[in-house]
Amino acid sequence: MKRLIERSRSVGEVLRWVTQNPGKVSASHYPIALHKLGQLLQQQPGPPVGAGDGRGPAGQVLEQPEFHALCQAIVSGCAKFDNFSIVNCLYAAAALGLPGESPLVRVLEDESRSRLGRFNQKDVSMVFSSEANNKALEAIFSSQLFYENRQERFIRSMAEWLPRKAENLTPYTMALIAKYVARHRLREPRLLDTIANFLLKRGEQLDSKVIQKLVFPFSRMNYRPSNHGELFPKLEAILEQKAGSSPLATVNILMSMFQLSHFPQTVLHQVFSPGFITNVMSSPYALIVRRYLSLLDAAVELEFREYSGPRLDPRYRVLMFEHALTADEANRKYSYKGLVAEALRQLVGEECYRQDEVLPPGYCTDFLLWINRSGTVLPLSRVPAASRAPPATSPVTMSLRSSVLALTSDLQVVLSVNDKWHYCQNSDILVGSRAMRDRHLRLLGYCLVQLPYTELEKVSGIEEA
């Protein structure tokens, strides 16, 4: 039957084979028949497949009794179809141009959604591209299976058609897409620009918690959207009005903008004001906001020197991070840090480097070394007090300006092991938080030496390391 359908030379022939031999037609034959119909219709003159106005060959076929019989057979039996047949029927129906409200498409979509947890990655991707409406996108991106697996090929495809559909999406659905893109570090400019345009058009209607979800992918991927000249001032205006309504979201949005080297002065006046500080310090999320505010304050001092407004009271300063990031801890077994540590131990000795040292304003460094101008690595125990970074245990008295190392004849070096997850996917661009960390360490006077995973993965054995 499969060969007979595939060799058919006309629409009528396909329909006859399928409808007149019900006993010989299995679930796998239906998507083949729908695909073949789509191919044959594309070869005929007239309006394109899916024109939907009843004119031309496509419209005539969709009205034929035999075609309705084919659709009814799929509707009646699809609950018993295997996953592959369900997905391929839906994909073929979309290619054929059947309207979303048709009984066939509705039944296939419902059946697909009920099976999402049992679909493999390819099935999910095909369903996603076939449905492509707000309800379907929400269902797909809410699927734990889809969320946990990276669909790069499909994301590139989605970037082609999402701009045309974005106006019909809800903020919730767009936020789900943004969350997925950020989680998998997918630096797809067209998709990111679509999120930015959505934010520009709908920003005033959104609350701060939704805005922070839509903004996060830009800083995560270290990407300034093409409309940033309009978008960033608009976000500033929105934050000015809504800063106090959701303090944590406000600080998160500011953090994203800082990572992209954009410093909204008026909003900073509000965030560092006594009223805002008092409000957040009495909230359940006081500690996390305090960490973020401490890092924002440090960034102002290092990167926004012309700022002259209020600053964070020294009493509230804490370290942004007290230990390695969660992602680094979770991926420790995949890191090259162990290899580098063993190489350093054999090369210079344990007394000449420190691992996972936390430096103010709270950045965990992979390795810290002290080297004189002649290139000799010196024991860290002999670093003069004047040249030492302030102890991480006393952030309350920390002053970043005074903590810039008093470098004369010596250099304090940060050796940075940049593993795969520190970069955007398939890119040599560091994620925004890592890029800002590097900027700040350099501004604090450290010499930063990068060890990218692309170089370390070429190393064979400890001698080469």
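**Notebook: aromatic rings, cysteines and a hairpin**

I began with the rings and found that Phe-258, Phe-263, Phe-304 and Tyr-307 make up one aromatic cluster. I note that the model is predicted.

Next I looked up the number of aromatic pairs, which comes to six. One of them is Tyr-30 with Phe-81, a stacked pair at 5.7 Å centre to centre and 15 degrees between the planes. Tyr-30 sits in helix 3 and Phe-81 in the loop between helix 5 and helix 6, so this pair ties together parts that are 51 residues apart in sequence.

I then turned to Tyr-353 and Phe-367, an edge-to-face pair with 5.9 Å between centres and 65 degrees between planes. Tyr-353 lies in the loop between helix 21 and strand 1, while Phe-367 belongs to strand 2, 14 residues apart. I found Tyr-353 buried at 11% and Phe-367 buried at 0%.

Strand 1 (residues 354–359) and strand 2 (residues 363–372) run antiparallel, joined by five bridges. Leu-359 has Tyr-363 as its bridge partner in strand 2. Three residues lie between the strands of this hairpin, and Gly-362 takes a positive phi near 125 degrees.

Last, I checked the cysteines. How many disulfides does the structure hold? I found zero. For Cys-89, the closest cysteine sulfur is in Cys-78, 8.3 Å away, which is too far for a bond. Cys-89 is buried, with a relative accessible area of 0%. Cys-352 is buried as well, at 5%.

Terms used. Residues are numbered from 1 along each chain as its sequence is written. This is a predicted model: local features need pLDDT of at least 70, side-chain atom pairs count only at pLDDT 80 or more; totals for chains, interfaces and linings use all residues. Side-chain values use heavy atoms; hydrogens and water are left out. Two strands pair if DSSP finds at least two bridges between them. Helices (H or I, at least four residues) and strands (E, at least two) are DSSP runs, numbered from the N terminus. A disulfide is a pair of cysteine sulfur atoms within 2.5 Å. Buried means under 20% relative accessible area, exposed over 50%, partly exposed in between (1.4 Å probe, protein chains only). Rings of Phe, Tyr and Trp (its six-membered ring) pair if their centres lie within 6.5 Å; planes under 30 degrees apart count as stacked, over 60 as edge-to-face and the rest as tilted.
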